[in-house]
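Here are my notes on the model, point by point. Please read them with the coordinates open.

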Amino acid sequence: MHDTLAEPEKTAAATDGATVRLSVAKPGDRGVIVDVQAGRQSGDHGVSVDELHRRLLEFGFVEGARIEVLHEGAIWRDPIAVRLDDMRIGLRRRDAADVWIQLDAE
Amino acid sequence: MTDATLPTAPLSSAPSSNARIALVGNPNSGKTALFNALTGSRQKVANYAGVTVERKEGQVATSSGRTLSILDLPGTYSLRARSPDEVVTRDAVLGKLAGEAPPDVLICVADATNLRLVLRLILELKAVGRPMVLALNMYDIAQRQGLRIDLEGLARDIGCPIVTTVATRKRGIEDLVAQVEALIAAGALGAENTWHEPDAGQIRGAHREAQRILKANVQAADRPDTFTGKVDGVLLHPVSGLAILFTLLFVMFQAVFTWSKAAGDLLGEGFSATGAFIAAHLPPGLLTSFLTDGLISGVGSVLVFLPQILVLFFFIILLEDFGYMARAAFLMDRIMGGAGLHGRAFIPLLSSFACAIPGIMSTRVIDNKRDRLTTIMVAPLMTCSARIPVYTLIISAFIPNVKVAGVLSLPGLVMFGLYAAGIVSALGVSFITRRLFWRGAVEPFLMELPTYKLPDLVNVLRSLYLRGKIFITRAGTIILPMMILVWFLSSFPGAPAGASDPAINYSLAGRIGHLLQPILAPIGFNWQMTVALIPGFAAREVAVAALGTVYAIGNADASPGALATTLSHHWSIATGLAFLAWYVFAPQCASTIGVVKRETNSWLWPAVMLVYMTGLAYLAAFIVYQTAKASGLG
């Protein structure tokens, strides 16, 4: 890992909302990004894990951002469209695996 | 807003009356609209030295008599460039681009309703140290939404003056120019460049800083945009979204082929008439042959597709400006992703239905080199318009016009089948390329879905004009030498005195044709067909005229009926079908090969394309011919 900044320590959900990977979230799920990790996704991304990590961060997938899953594709429910603060972003589930969100308590 | 110092008369110390300005910003920030509002029609499109990215520059004359050259750089989220477009932006901003002087002032264009990501870009740009003005564009929308931005506070926090603009209404443009002038007049030199590629921790830090600035100076909208959300509910819906996408595509293709028909025919007739005029007024000979058969019919054969390309681009630009194209890529991503293509490859492949040349040229938006290469390699498999005359000729000669199941016409079905074969083979080749050569590596797919905006007709037309101009100049410079080569092959040496066969028979092309004939015999091609394939390399539909030449049928272009009758007498059905199969795959277009060379900057990829497409064509024609022969159609 080239990341010099220590990943914030994350334990299990601090409140009643569960912490899940964005890659498994369903439309309607909303919450706060609690962790964006580097290197835990499976499969070959053709770019280094560090690169994918930085791309996610550049698009605004950062800890503390509000996120809501809006739509999903017709085939294998992929890709997903999310609202990230005031923006809308489309991404594939496999690229979303390293974004952890804490779902709002119902 | 911050500096009220307006430039007075140019000071005597003013080093030069010209200054270089670069426009930077996120995609979808209205940067191009602002560029158009600033420069009007004083724009010039060229290429950056050594790369194939378009260089858009325009001039603004200021009230103080200065001329500002404005460079419109490709949109980016970060100076950490990935696509060839973004590399240009980074290098131009850093002043590292070969043959480009560093800009004196940067104008950062931001969508006022979507500031978060651009604030992080601004922080990166600040590190570069050049004087900068922030243009808060689409300010009217921000106001309508009730977004309150503390302009002075924001300007203080980011450390550069801010001008609010509405590019589509040309509002704030004078202020922007005045602000740029003020920076130049004040002799702002900027600070030292401390930019370096940020690591993950630094990106996080910049986001925190951007968030802090945003929180301190921007109050959330009272009436946030709900339109985009509602429209997306329909357009991104798994069922209705795909249904609407396919309906749109259907309407688009209808338009491409019906609206542009008259204009295309007119252009075609114009070129034939010009050729005929020259032939009538110049003594017959080499020069006349070169002008009419080489130059005019060659260039004409490609330019007749200009109306189709323009209609197609009109739709693409319109949908792009509306914000729909990102949705189309989203909807198509999984379908294309199954074949290992990026969702963004959708637009280049769509363009390739008109002509592979603009399709290949538009692959530059794809970040990743491998994704881009795959898209380039399969784009010519899409059924371009140049195949239509060939398909039409062969279908009318060999496919009986009967109804299938009472309603569908057999020729129509065959045409549909040929289109489908193109699409399926493109997806198949890309799938195999992924599996075989790149071992399943799949690039990340991350894309902003911009808010929907009503397209501005003036900007759409300006972009269309630009696209057309780029196609003509780019294609023209590649097509011309190719045409001359093909004409040379088909004309030299000339027929001996008293020859009875068509002149092309005695030419180099004729000899090559005869030489290749044994190789093509297993796929049912006779020597006339083989000879016609050589000029057919100029452009696919030239094969129609070339067949007319070898079968000595004059004016085969204008009245293919006679040629079709002749072909149906000379060819077996198996041969006709094999010829169709050949044309689905064969790289019968020298210009496409030339464009691939240009876009990939190497001879390797055009060579690979030539080999794999010819191989597929041979294989397909072989299977079709042998199967048809075995079924008694030989």
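Which residues of helix 12 of chain B are buried? The first point takes this up; keep in mind throughout that the model is predicted.

1. **Helix 12 of chain B.** The buried set is Y324(B), M325(B), A326(B), R327(B), A328(B), A329(B), F330(B), L331(B), M332(B), D333(B) and M336(B). A kink of about 40° is centred on L331(B).

2. **Nonpolar cores.** The largest core holds 114 residues. L547(B), L567(B), F579(B) and W582(B) touch the most other members. Beyond its neighbours within four places in sequence, F579(B) is in contact with V390(B), I394(B), F525(B), M529(B), L533(B), L547(B) and W571(B). A second, separate core has 42 residues, including L121(B), V128(B), L151(B) and V166(B). In soluble globular proteins, nonpolar side chains tend to be buried together.

3. **The A-B interface.** Contacts involve 43 residues of chain A and 48 residues of chain B. The two chains bury about 3900 Å² between them, with 56% of it on carbon and sulfur atoms. E58(A), R88(A) and R92(A) supply 21% of the area chain A buries here, more than any other three residues. Eight salt bridges are counted between the chains.

4. **Salt bridges at R80(B).** R80(B) pairs with E51(A), closest N and O atoms 3.0 Å apart. The side chains of R80(B) and E58(A) also meet in a salt bridge, at 2.6 Å. E58(A) lies in helix 1 of chain A and R80(B) in a loop of chain B, so this pair joins two chains. E58(A) is buried at 2% relative accessible area. R80(B) is buried too, at 2%.

5. **Salt bridges within a chain.** The whole structure has 30 salt bridges over all chains. One of them links R30(A) and E68(A) at 3.4 Å. R30(A) sits in strand 2 and E68(A) in strand 3 of chain A, 38 residues apart. R30(A) is partly exposed, at 42%. In chain B, E181(B) and R66(B) meet at 2.7 Å. E181(B) is in helix 6, and 115 residues separate the pair. E181(B) is buried at 2%, and R66(B) at 8%.

6. **A buried loop arginine.** R364(B) is in the loop between helix 14 and helix 15 of chain B. R364(B) is buried, at 5% relative accessible area. Its C-alpha lies 7.7 Å from that of V53(B), although 311 residues separate them in sequence.

Technical notes. Residues numbered from 1 in each chain as written. Chains lettered and ligands numbered in written order. Predicted model: local features only at pLDDT ≥ 70, side-chain atom pairs only at ≥ 80, totals over all residues. Heavy atoms only, no water. Core = buried A, V, L, I, M, F, W, Y, C linked by side-chain atoms within 4.5 Å. Buried < 20%, exposed > 50% of the residue type's maximum accessible area, 1.4 Å probe, protein only. Contact = heavy atoms within 4.5 Å. Bend = angle between axes of the 7 residues up to and from the residue. Helix = DSSP H or I, 4+ residues; strand = E, 2+ residues; numbered from the N terminus. Buried area = accessible area lost by both parts, 1.4 Å probe. Salt bridge = Lys/Arg side-chain N within 4 Å of Asp/Glu carboxyl O.
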